[in-house]
There are 2 protein chains.
Amino acid sequence: MRKKVTINDIAQLTGVSKTTISRFLNDKYEGMSGETRQRIDAVIKELNYRPNRQARALKSQISSMIGIVVVDISNPYTSRMVKGIMDRLKNTQYHTLIMDSDLSQEREQKNVNKLLDEQVDGIVIQPLGKSSTDYQALGTNVPVVQIDRYVEPLIWPAVVSDNFVQSRNLAKLFLEKDYQRIIVVSPPIKYASPRINRLKGLLNELVNTDIEVKQVITTEIKDVVARNEEIWEQLKVYIKGDAKTAIYAFNGGLLYGLIKIFKEKNILIPEQVGLVGYDDGAFADLVSPGITSIEQNPVEIGYQAADKLLEQIEGKESLIELTCVDSKLNIRQSL
Amino acid sequence: MRKKVTINDIAQLTGVSKTTISRFLNDKYEGMSGETRQRIDAVIKELNYRPNRQARALKSQISSMIGIVVVDISNPYTSRMVKGIMDRLKNTQYHTLIMDSDLSQEREQKNVNKLLDEQVDGIVIQPLGKSSTDYQALGTNVPVVQIDRYVEPLIWPAVVSDNFVQSRNLAKLFLEKDYQRIIVVSPPIKYASPRINRLKGLLNELVNTDIEVKQVITTEIKDVVARNEEIWEQLKVYIKGDAKTAIYAFNGGLLYGLIKIFKEKNILIPEQVGLVGYDDGAFADLVSPGITSIEQNPVEIGYQAADKLLEQIEGKESLIELTCVDSKLNIRQSL
DNA sequence: TTGAAAGCGCTAACAA
DNA sequence: TTGTTAGCGCTTTCAA
């Protein structure tokens, strides 16, 4: 591991001061002789010199790093949001420092602090907390954008899916098809804004009807396809044919888990039970019958979040608002 | 955005020198009076001081950052490898700077250079290149581990799936079931080590038989489910019933794309054609019939890569070798 | 057209 | 038990 070339080496070899080299590096050519410029250029290429970003960052107070805090990077929905962010950042000076909270609020706190320690220029976060007051460290010290989830009171912009609207659309379908009982299958709803809004959208449409809405609450799932047993135990009491029933899975892992369960138990969809849900993996049309599902647009969420963050970093006034990105309701044969 | 607290502020307020503060920060308490220690502790907590990592890194020449370069972060297989790495790193001092090459070798080069500019302490790379000579910048300047793919000559350790072995197992299945023609569906094989080894494993077993092996080469796919048209055009000539034929998809996106095609075209599996492949999403048993598939263990690849990288960083002698992580052949009903 | 010098926030050798 | 000082690699003000 040979010694790293520094700005001093270049200065010495070219016979100019490091100030001049620095100017060169920062494209400040006004009043620099063409000859000097060429000589510097030659030596830099010769030695394959690349400026040390840490030193630059320390002095300039610009790290060129953006922190991303996600709940679980192995979730395909999440990794596509991240892709969107990175895609938008690829032609800027910014890199992404990605932290995975692995569904733990404690880790999330640590992650936020670590990012601040690294002097990131901005943070994109998919928050696990219950309230924005849980994020004292963030405060208004650094530009922040929330994705997928948001915490209130809303002190940073948020880019999320149109959960309320699509859930209402789904409710209309339930009505059309004369379902009498809807079973929502979801991890704990209380503190996760998308789930809250999905439930609200559903209930908003079904209030004043005699459709029964039940909840089956699972643990937070980490698997791409949720494990069976836990869910089935709670669910089976509702699959009895006494009322026309549809299951509504609040995320892809659960939806796929349910498909698997029903396949194993030989329960026919939609004859014995209807099945719909969020389709994080875009696989809902591979099975037979195709599953009516809501497909979000995580890449677009990433795009918009990155744009908003860059605006903030560049000091533009940007509104602290909730931006909803359209999802798509794919009607198939499972209702 | 109030001014950041620095080590100097803490020194002033406690009335000791910043050396002492530095010692405190680095847990060097030998010969520090309990009183001083407590006072420092109090002031740090009071001001909520957190050391600037950039400054620390600059001085200590340890960035505590590990770079990860992946081909496409939105691929579920990839994001699970990343998860494995992060999981292993979570109780260390290291953070992950993740770069997405988006299937472009040009971007990959830039990514590597950017990581070096950031003075990362090590790099995990899923290489896109054709040869390790394509990575001059890396050389032996920094600890490197390859994942999923590897480039030769092997100058850095690599952790990959047991592609050859599982492909051979699949070939044995083809033999057992008397298939006469195998169609490999894959993006370009020539420079991607996993694909090369899968093909080799297959051919190794089928040599000296009269089984015909054909290739349908697609463009590199970026979608979780590959698009239909392109593949079908090439494929349809082989689905004619003149020879018992099986399709072997070399990655999950293609496998899912094929399932979709056959569903749309009403082609029966396994009656009209057999279908097997790599299952990056773990969805192959959701469809009917269940698809015989190879499921890799990307998280484990991540674990082992992280371990090997940490070893190198800590200066332990580690062998430059190829490590194969077991995948699982799930035999279902599609052959 | 170029350079000297100070300093970003921290660490560590050496001194006291 | 603690402090002085130099310096990591760069940027930038001010001067020449």
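Reply: Happy to; below we go through the terms one by one. This is a predicted model, where local features need pLDDT of at least 70, side-chain atom pairs count only at pLDDT 80 or more, and totals for chains, interfaces and linings use all residues. Residues are numbered from 1 along each chain as its sequence is written, chains are lettered from A and ligands numbered from 1 in the order in which they are written, and side-chain values use heavy atoms, with hydrogens and water left out.

Me: What makes the relation between chain A and chain B that of a two-fold axis?

Reply: Chain A is superposed on chain B by a rotation of 180° with 0.0 Å of shift along its axis, at an RMSD of 0.1 Å. That is the relation of a two-fold axis.

Me: How do you know that the copies meet through the same surface?

Reply: Of the interface residues of chain A, 100% are also interface residues in chain B, so the copies meet through the same surface.

Me: How do you know that the length of helix α3 of chain B agrees with what it should span?

Reply: Helices here are DSSP runs (H or I, at least four residues), strands are E runs of at least two, and both are numbered from the N terminus. The expected span of a helix is 1.5 Å times one less than its number of residues. For the 14 residues of α3(B), residues 34–47, that gives 20 Å, and the end C-alpha atoms are 20 Å apart, so the two agree.

Me: Which residues of α3(B) are buried, and what puts them on the same side?

Reply: Buried means under 20% relative accessible area, exposed means over 50%, and partly exposed lies in between (1.4 Å probe, protein chains only). B:Thr36, B:Ile40, B:Val43 and B:Ile44 are the buried ones. They cover an arc of only 100° around the axis, which puts them on the same side of α3(B); the arc is that of the directions from the helix axis to the C-beta atoms. These buried residues pack against α1 (7–14) and α2 (18–25) of chain B. The face turned away from them carries the exposed residues B:Glu35, B:Gln38, B:Lys45 and B:Glu46.

Me: Why is B:Lys83 called buried?

Reply: Its relative accessibility is 8%, so B:Lys83 counts as buried against the limit of under 20%. B:Lys83 lies in helix α5 (residues 76–89) of chain B, where twelve of the 14 residues are buried.

Me: What is B:Lys83 in contact with, leaving aside its neighbours within four places in sequence?

Reply: Contact means heavy atoms within 4.5 Å. By that rule B:Lys83 is in contact with A:Asp72, A:Ile73, A:Ser74, A:Asp100 and A:Asp102.

Me: Why is A:Arg195 with A:Glu220 called a salt bridge?

Reply: A salt bridge is a side-chain nitrogen of Lys or Arg within 4 Å of a carboxyl oxygen of Asp or Glu. The closest N and O atoms of A:Arg195 and A:Glu220 are 3.0 Å apart, so the pair meets the rule. A:Arg195 lies in helix α8 (residues 193–206) and A:Glu220 in the loop between β7 (212–217) and α9 (229–235) of chain A, so the pair ties together parts that are 25 residues apart in sequence. A:Arg195 is buried at 10% relative accessible area, while A:Glu220 is partly exposed at 33%. Over all chains the count comes to 38 salt bridges.

Me: How do you know that B:Lys236 and B:Glu233 meet in a salt bridge?

Reply: Their N to O distance is 3.3 Å, so the pair falls within the 4 Å limit. B:Lys236 is partly exposed, at 35%, and B:Glu233 is partly exposed too, at 48%. Elsewhere, salt bridges that share partners join A:Asp72, A:Asp100, A:Asp102, A:Lys222, B:Lys83 and B:Lys90 into one network.

Me: Is A:Asp102 buried or exposed, and what is its phi?

Reply: A:Asp102 is buried, with a relative accessible area of 13%. Its phi is positive, about 50°, although A:Asp102 is not a glycine. A:Asp102 is found in the loop between β2 (95–100) and α6 (105–117) of chain A.

Note on methods: Least-squares fit on C-alpha atoms with pLDDT ≥ 70 in both.
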